[in-house]
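Open the model in your viewer and keep the selection panel at hand. This tour goes stop by stop and says what to select next.

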Amino acid sequence: AILAMAVVVGVTSSRTQAAVVVTTEQTNAVNVTFSTIPNISAIDLAELATFTFVGTPHGASGAIGVLHDGVFPANGTAGSAFFSDTDNLSITVNLGSIWNIGQINTYSSDTSTSANRAPQHYTVLGSTDGVNFTTIAAVLNNGGVPSVGSASSWGNSIKDTTGALGGYQYLRFDTVRLPAPGLGPGVQIGTLLNEIDVLEVPEPS
């Protein structure tokens, strides 16, 4: 059976005092179809964007390109996700020009039976010049505690009640490693991501 959980978190934005809303959905299956957030898009601003990172990926991590290939992996972690255990990876998405962003969606899936890395922990920031960044939202799934011993998939959708998160050329995802007590004292595991989608505000009809 698939157990689904949807959580909506409201965050006050200092940019406009409007509400940035993070909708989270989790299931105990992999390669799922989500019901409360959009599913992975193969046609979005991220597909043709340039992705760079600061930090050292895990030896089993895929290349940075897996984050915008439009595919949700059908099996496992190795090679199909981007993650690290030694660093808090910082991932920058250069959209090429300033776009009016309506939605940011992130996806993760892990079939591991020893440590579930799929809960996402990161802050996303936006910039027009790649130098000065403004915090858009923070995502802290599972109360900030990595699960142990169960596979699952997580999706997060970030939107603003005004319909637009703002005009940005650069998005930076600052991921966070968190303690995993079930794996031993002092052990930390890093956020795992399979896909990042960035959607522009739709043109008026």
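Start with the whole chain. Of the contacts with a separation of 6 or more in the protein chain, 74% are between residues 24 or more positions apart; contact means heavy atoms within 4.5 Å. This is a predicted model, in which local features need pLDDT of at least 70, side-chain atom pairs count only at pLDDT 80 or more, and totals for chains, interfaces and linings use all residues. Residues are numbered from 1 along each chain as its sequence is written, and side-chain values use heavy atoms, with hydrogens and water left out.

Switch to cartoon. The protein chain has 11 strands and zero helices. Both are DSSP runs numbered from the N terminus: helices are H or I with at least four residues, strands are E with at least two. Colour by burial next. Buried residues make up 49% of the 205 residues. Buried means under 20% relative accessible area, exposed over 50%, and partly exposed in between, with a 1.4 Å probe and protein chains only.

**Stop 1: the hairpin**

Select residues 121-127 and 134-140. These are strands E5 and E6, antiparallel and joined by six bridges. Two strands pair if DSSP finds at least two bridges between them. Pick Val 124; its bridge partner in E6 is Ala 137. Now move to the turn. Six residues lie between the two strands of this hairpin, and Gly 130 in the turn has a positive phi of about 80 degrees.

**Stop 2: the rings**

The structure holds five aromatic pairs. Rings of Phe, Tyr and Trp (its six-membered ring) pair if their centres lie within 6.5 Å; planes under 30 degrees apart are stacked, over 60 edge-to-face, the rest tilted. Select Tyr 122 and Phe 173. Their pair is edge-to-face, with 5.5 Å centre to centre and 65 degrees between the planes. Tyr 122 is in strand E5 and Phe 173 in strand E8 (residues 166-175), 51 residues apart. Both residues are buried.

Then select Phe 34, Phe 72 and Tyr 107. Ring pairs link these three into a cluster. Tyr 107 lies in strand E4 and is buried, with a relative accessible area of 0%.

**Stop 3: the cores**

Which residues have the most contacts inside the largest nonpolar core? Select Phe 51, Leu 67, Ile 104, Ile 136, Ile 158, Leu 171 and Phe 173; the core has 29 residues. A nonpolar core is a set of buried Ala, Val, Leu, Ile, Met, Phe, Trp, Tyr and Cys residues joined through side-chain atoms within 4.5 Å. Strand E4 (90-110) is among the elements that give two or more residues to this core. E4 gives the most, with five. A second, separate core of six residues includes Ala 29, Phe 34, Ile 37 and Phe 72.

Go back to Phe 173. Beyond its neighbours within four places in sequence, its contacts include Leu 89, Ile 104, Tyr 122 and Ile 196.

**Stop 4: the charges**

Arg 172 and Asp 174 meet through their side chains in a salt bridge (3.1 Å, N to O). The rule asks for a side-chain nitrogen of Lys or Arg within 4 Å of a carboxyl oxygen of Asp or Glu. By this rule the count is one. Arg 172 is partly exposed, at 22% relative accessible area. Asp 174 is partly exposed at 22%. Last, look at the ring of Phe 133: the charged end of Arg 172 sits over it, 4.6 Å from its centre. The criterion is NZ of Lys or CZ of Arg within 6 Å of the ring centre and within 35 degrees of the ring normal.
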